[in-house]
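Dear colleague,

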Amino acid sequence: MLNKLIELSLKYKVLVIVLFLAISAFGYKAYQDIPVDAFPDITPKQVVIFTESPGNSAEDIEKLVTYPIESALSGMAGVKLILSNSIFGLSYVSVFFEDDMDIYFLRQLVSERLSTVSIPKGWGKPVLGPNSTGLGQVFWYEIHDSTGKYTLSQLKEMQKYIVTPLFKSVSGVEEVIGWGGYEKQYNVLIDTKKLQDFSITYEDIVRALQKSNQAAGGQYLEFNKEQYLIRGAGLYKTLDDIRNTVVKSFDGQSVTIGDVAKVQEGKAPRFGSISIDGKEAVMGMVLQRSATNAAKVVERVKERIATVNSALPKGVSIHTLYDRTEITHKAVSTMTEALITGIILVSIVLFLFLFEFRSAFIVILSLPVSLLIAFLLMQYYNVSANLMSLSGLAIAVGMIVDGTVVMVENSFRKLHEAQASEKPYVKLDIVMESAKEVAVPITFAILIIAAVFIPLLSLGGLAGKLYAPMAINIVFVMLGSLFVALVLVPVLILLLLKPAHESENAVMRVIKKFYTPLLLVALDNGKKILLFVSVVFVVLAYVLSQQGREFMPTLNEESIMYRVIAIPGTSLTQSTQTAKKIEKYILKNYPQQIASVLSMIGRSEKGETAQPNYMEILLTLKAENIKDLPALTNKMSEDLEHQFTFVQFVPTQPIAMRIEELLEGVKAELAIKIYGENQKTLDAIAKNIQNAIKNVDGLKMMQIETQLGQAQIKIKPNYLALARYGISVDEVMDVIRYGIGEASVTQKLEGIRSFAIVPKIKGAKKDIEAIKKVTLRAKNGTVVTLDEICDITVQQGASFIKRENLSRYMVLSMDVEGRDMASFVKEANSIIKAKVKMPTGYYMSWAGSFKNMKEATQRLMLIIPITIFLVVLLLFTAFNSISKSLLILLNVPFGFIGGIIALVLSGVYLSVSAIVGFLAIFAIAILNGIVLVSFIDELRGRFPDVDLKIVLKDATLLRLRPVLMTAFTALFGILPLLFATGVGSEIQYPLSVVIAGGIISSTLLTLLILPSTYFLFYGKKK
Amino acid sequence: MNKLLMGLLTLSGVLFAQEIHIPIEKTITHAFKKSVALNAKVIQLSNAQQSITSLVSGHLEKYFVKPAQDVKKGDKIALIESITVSKMSADYIALRKQYRAAQKNYEAVKRLYEKGMTSLQKLNAEAIKKSKISANLTALKSQLETLGINAGKLQHATPNFLLRAHSSGRVAALLKPLHSSVRTDEALVAIVKNQAYYIESFVPIAYAEKIKIGDKIVAEYAGKKIITHATQILPKVDEITQRVVVLSSVDQKVHNLFIDTYVKSTLYFGDAKPYVAVKKSALSFFNNEWVVFVPSEGETAYMPQVVQIITQDDKYVGIKGLQLGEKYVSGESYYVKSALLKSSLGDGD
């Protein structure tokens, strides 16, 4: 089949050229059109259900809202995990599904199930969260008022009613979330002591407000052949309308709202705030819809900004706070640069080795063409251009040319031989013959390279999602290069290549001069060398097993961000003040490096479960003044920790933070989850574990996620007292809900804008005593204070309750430094088992990114042997000999030796990235083996009578150039990644370290040891 | 208490680099004078309101006063045309004439008797006749004077009866329409006495035991503070509101104080009990208990001391759990708590 393909290509050479021109053109277009992204979409299939239940406590929300939702959703098809978090005022349930399911279908399913959930009236309505991903917050902006005229409430109103609708209508935008400022509401301030004066109850006021704000349609009237619509317009228009609402009337007189209460504009209670450079502000976050491209969405959003600005009042405009595309472009350009530098370096290497313009041209040409084919495939299969997928191409750059190099080299040699023989020859025949000769080895070699990377595709979870695009792209580009080598290259050889006079260049001569004596020594001492190398390999394998491991090196996003945590129960006002102080401190002390500081305190309108004691601080850097970002981050962290000792600073970065969150709701690299029902018991177990492992080596910081610690004022109705005074629990709860909790009873509509009307009890929130003294009037006229009919106590309650698959859990998160996590976990685990006793029904498990690493490693342990088997199978098919397959496979440890040494020397942990590097070495080593062994076989076939040692020596020397070429191209292809410094380079660093080391050792050892091993295998047969 | 405050020693410690000043003070004894805000009503006790009744039946011709008009004792209130008065005045004039005639008769008989021209019996009969008329006249005169009619000056019979104020006060209401018939003893005008207002405060049962006669109750009326003192604690609670009713008399003069107005009042309990006290800003809720942080020599600079809250006012909290004069963190307890809890900080999410 391969032969037929080559024949056809050579026959229709013009067609082939046209075909490749077309491919190149379309490939280039694909390259331009492919969506770019910083990361592959690593977010799991997830549907989030929010239930806003204003003013209610975590405990009650868990029982009345979260649990019914969870139980309705459990047992659905494809559900992997249900996580929930019940916090003050909000229930958050997150359902994780199998990745192969359609998100719209899943949302539909969840909606159906939700309709069966019954939640008590007044406890909120479950809604599906935005159809976005964890990394969906692509664009943050501030509603900036340069005039200073507008209040925070007004800015918030602009955000909600001007900016949000405009951004929301941008294609690909799922949701726009506002944060900060105040929501306007209308307070009906009631002095409940006065209810006695007018013989009315609080309920009367609530009902009066609800009943009076009404509109109705009265159908139509036909009059003089025309239709007149009838409209009852009873909605509140002015504050006086509210004041004039009748609460009670008698004898033609009436008591109105205005008699018993003051009606005025106020601010709704809030759960989060925003502060920028020491001043409170209003911001918004644009969420991209899942399965859309961040860069494109942001681009369209930015186009919309002009419209938004023109709709905003003069002096108010949109200021960008964070733009995901910046990091995307940086990451993509890091990779593109590496790719281009790789191409140039590889081209130089090729030219130096071939030292012949035409052949070098053919080989170099195959590089972009193969890449363009890969881009075409990427576009077809919807793979975005991101850090991982592009790095796949960059890794492959050195290997793309391998097929072409072999093809060109063989033809070059054949043509040279034909010319040297001085017999007349037909160029087409020689080209065809030489192409056919190497077609099979090339195909198998490339297939093997592709096969080697397939295990990455099978990785599950986060690792799989991260590294699959890399593997896919390597496969794409290798298949592209195979196609180029088999179809285009023979044609180019036929058209361009001319037999050279001198096929040996100066570089090769020098190399051979040094290499030949070494080879002879190696051939004579095969056994000893093999033994020595084997020992070295075993020792290094042991070293590797002791090497530290980590899941993924941290992506450098060229930004500084902090998660700042204060003690639970901290008020929003306090946190906002702290934020302002931190901002001012940073701006004062780092004026050269920091342009602006943004703090996001508590939670936004929707989509967040943070409490007021939690904030995120994002710094806008003056990049041009910063030379060493990590050093600056370290210094600043130290400074801040020293200055603000009452809060905790956790340095992070925008994307990294969201990724951390995706790791099963645990924002730490390593954590212990303790499961069980009673929060106090969980807390005690966590403390025991903390005590048990606090001295384990490498533990830098450990924190129990304090779920308790939220002070609560518990108002428990005293039924006897209620009976005595004739007041129902319902009335008491209404006073708590509306009067104290400021829940809205109705809305005042201003155009389409709606604002809550709140019957707020005057002075109720002054202090605890004030709550106790809130007065109620029963229908029968009895007047009581709240503490007369309720037991009011202050107690410590849950600040949030987390559940996983219907079971409560608590998190003990930790930071490990100067030590790999795997060994830390092993040691800590054994200590916990020995020292901490778990009551029945309580158990623990490890979580965090470490868990992903463990899962990835376990899967690789299974997949790698399968891959090796597959490779052996391919080798066996190619060589039809088990021993030769094994001989080639023996090359792999040679490559690993260098990889391990490089890894250890550079001090890089063993990560999935490094494992990818080892896979690449695996491929390169096999490739080197194939090139050499197949040629030795060919020579042996041609000169059956010549001594094997001489054949081996000649074959190796003859094959030295292609072997070195494949090695050097691979090496130089990877070098740009090794020395890259831009965003994303650190993720590829372990991989490039391993590959660089591996290539060197693999090449050296292949050239020396493979011939002698071959001799050991086959020497005796002679 | 001021002396105690004078003796207060203020120490301070700087715990945090961010110049958070942790104020340290010593506990003091503080007399807690408790007050409670109440709902109250301006009232007037029933004896302070008077109605002016007509002493005769007749026809109401004219009111000399308008509602809300201040009147003095003796001021004309209303004019009533009464047949009774008319008859009485006519009778009086007739009787007066009769008396004069009887007087003359008596003197003539007396002269005759002195001359011995008539008998003593005859003279006695004339004397009895005269005194009878005199008695009738005196009775009628007194009746007329009761009605405010000067009998001495009466020349002609008159139906006019002038109703006058019998005490000073303010006209609260005109009770009968003009030109209507009036019966004897029917009230025509209500007059309230100026200086007999009370504040009726409704006190929750919880304070029933504490309140004493003489406790200060300050009512807020139209932006003005009216200081009153409890004069009466009614034996029965207000049936509707189930509150103890305390009356306090308004001693100062308040212009335009309207009855039945609901006002806010504050009751100040008489006796002030002294307790060991800390500033309210020292309190912190920690591990399910109220604590006050105290300086410590141990691992941490401060440690929580569990306290029991006994009473409190706006600034101080009376507590059990600390000794008098013991040093404590009197403010910024949040930061001290943060320092202690920081090691166990969670993810906050």
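Predicted model: local features only at pLDDT ≥ 70, side-chain atom pairs only at ≥ 80, totals over all residues.

To begin with chain A as a whole, its secondary structure comes to 32 helices and 30 strands, and its C-alpha trace spans about 130 × 85 × 55 Å along the principal axes. Of the 1022 residues in this chain, 50% count as buried. If one takes the contacts in chain A between residues at least 6 apart in sequence, 82% of them join residues that are at least 24 apart.

Elsewhere in chain A, Lys622(A) sits in the loop between β18 (614-621) and α19 (629-643). Leaving aside neighbours within four places in sequence, Lys622(A) is in contact with Gln592(A), Gln593(A), Ile594(A) and Ala595(A). The C-alpha atoms of Lys622(A) and Gln592(A) are separated by 7.2 Å, although the two residues are 30 apart along the chain.

Turning to the nonpolar cores, the largest has 259 residues, and Tyr467(A) and Ala923(A) are the ones that touch the most other members. The helix that gives the most to this core is α15 of chain A (residues 461-496), with 23 residues. Not counting residues up to four places away in sequence, Tyr467(A) touches Met388(A), Leu456(A), Leu459(A), Val912(A) and Val916(A). Apart from this core lies another, of 55 residues, and among its members are Val188(A) and Ala778(A) as well as Ile217(B) and Ile226(B).

As for where the two chains meet, 29 residues of chain B are in contact with 38 residues of chain A. On the chain B side, the elements that give two or more residues are β17 (262-268) and α4 (333-341), and α4(B) has the largest share, six residues. By type, the residues on this side of chain B divide into 13 nonpolar, ten polar and six charged.

Within chain B there is an open, antiparallel sheet of four strands in the order β9-β8-β6-β11. Its edges are β9 (160-164) and β11 (181-182), each of which has a single partner strand, so one side of each is left without a neighbour in the sheet. The pairing of β6(B), residues 58-63, with β11(B) is antiparallel and rests on two bridges, and here Gly58(B) stands opposite Val182(B).

Lastly, strand β12 of chain B (residues 187-192) pairs with β5(B), residues 49-53, in the antiparallel sense through five bridges, and with β10(B), residues 169-174, again antiparallel, over four bridges. Val189(B) in β12(B) is the bridge partner of Ile52(B), and Leu174(B) also stands opposite Val189(B).

With best wishes

Definitions and conventions. Residues numbered from 1 in each chain as written. Chains lettered and ligands numbered in written order. Contact = placed C-beta atoms within 7 Å. Nonpolar A, V, L, I, M, F, W, Y, C, P; charged D, E, K, R; others polar. Pairing = 2+ DSSP bridges. Core = buried A, V, L, I, M, F, W, Y, C linked by C-beta atoms within 7 Å. Buried ≥ 20, exposed ≤ 12 C-beta atoms within 10 Å, placed from the backbone.
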